Amino acid sequence: MNETARRQEAIRRYLAGDNVTVICRELQTSRKWFYKWYNRYQTGASDWYYDQPRAPKHQSHQIDNEVEQLVVKV
């Protein structure tokens, strides 16, 4: 079973009424892992079971376009 299928299986079982402790024991995961994916499921996103990128969305050291144009003019 791949990781995305494992995440979906955990949530499917929980919604069917299985106990979180039993699910985690049988899938060999932690409760923290389970609640991470349960919280993502609750967002309503259709792709909740996929990993999200860890790279920053913005680079803080990037020069603003206006400043860059001023430097080019000089």
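## Glutamate 68

Glutamate 68 counts as partly exposed, because its relative accessibility is 39% (buried is under 20% relative accessible area, exposed over 50%, partly exposed in between; 1.4 Å probe, protein chains only). This residue belongs to helix H4, which covers residues 65–73 (helices are DSSP runs of H or I with at least four residues, strands runs of E with at least two, numbered from the N terminus). Between glutamate 68 and lysine 32 there are 36 residues along the chain, and their C-alpha atoms are separated by 45 Å.

The model is a predicted one, in which local features need pLDDT of at least 70 and side-chain atom pairs pLDDT 80 or more, while totals for chains, interfaces and linings use all residues. Residues are numbered from 1 along each chain as its sequence is written, and side-chain values use heavy atoms, without hydrogens or water.

## The chain as a whole

The chain has four helices and zero strands. Read from the N terminus, the order of its elements is α-α-α-α. With a radius of gyration of 21 Å, well over the 11 Å given by the globule rule for 74 residues, the chain is more spread out than a compact globule (the radius is taken over C-alpha atoms, and the rule is 2.2 Å times the number of residues to the power 0.38). The C-alpha trace spans about 65 × 20 × 20 Å along its principal axes.

Of the 74 residues in the chain, 23% are buried. The chain exposes about 6300 Å², and 49% of this area is supplied by carbon and sulfur atoms (Shrake-Rupley method, 1.4 Å probe; for residues, only the protein chains shown count as cover). Taking contacts between residues at least 6 apart in sequence, 38% join residues at least 24 apart (contact means heavy atoms within 4.5 Å).

## Helix H1 against helix H3

Helix H1 spans residues 3–15 and helix H3 residues 31–42; their axes come within 10 Å and cross at roughly 80° (axes are lines fitted to C-alpha atoms, for helices over the stretch in contact, with angles from 0 to 180 degrees between N-to-C directions). H1 is therefore roughly perpendicular to H3 (65 to 115 degrees; under 35 is roughly parallel, over 145 roughly antiparallel, the rest oblique). On the H1 side, the contact is made by Glu3, Arg6, Arg7, Ala10, Ile11, Tyr14 and Leu15. H3 contributes Trp33, Phe34, Trp37, Tyr38 and Tyr41. By class, these residues are nine nonpolar, no polar and three charged (Ala, Val, Leu, Ile, Met, Phe, Trp, Tyr, Cys and Pro are nonpolar, Asp, Glu, Lys and Arg charged, the others, Gly among them, polar).

Asparagine 39 is also in helix H3. With a relative accessible area of 46%, asparagine 39 is partly exposed. Its C-alpha atom is separated by 15 Å from that of arginine 13, 26 residues apart along the chain.

Arginine 7 lies in helix H1 and counts as buried, because its relative accessibility is 6%. Apart from neighbours within four places in sequence, arginine 7 is in contact with Trp33, Trp37, Trp48, Tyr49, Tyr50 and Asp51.

Arginine 13 lies in helix H1 and is buried at 12% relative accessibility. With neighbours within four places in sequence again left aside, the contacts of arginine 13 are Asp18, Val22, Ile23, Glu26 and Leu27.

Leucine 27 is in helix H2, residues 20–27, and is buried, its relative accessibility being 13%. Not counting residues up to four places away in sequence, leucine 27 touches Arg6, Ala10 and Arg13. From leucine 27 to glutamate 9 the separation is 18 residues in sequence and 9.0 Å in space, C-alpha to C-alpha.

Glutamine 28 is in the loop between H2 and H3. Its phi is positive, at about 55°, although the residue is not a glycine. Glutamine 28 counts as exposed because its relative accessibility is 70%.

## Helix H2 against helix H3

The axes of H2 and H3 come within 9 Å, with a crossing angle of roughly 110°. The two helices are therefore roughly perpendicular to each other. In this pairing, Val20, Thr21 and Cys24 of H2 meet Arg31, Phe34 and Tyr35 of H3. The contact of H2 with H3 has four nonpolar, one polar and one charged residues.
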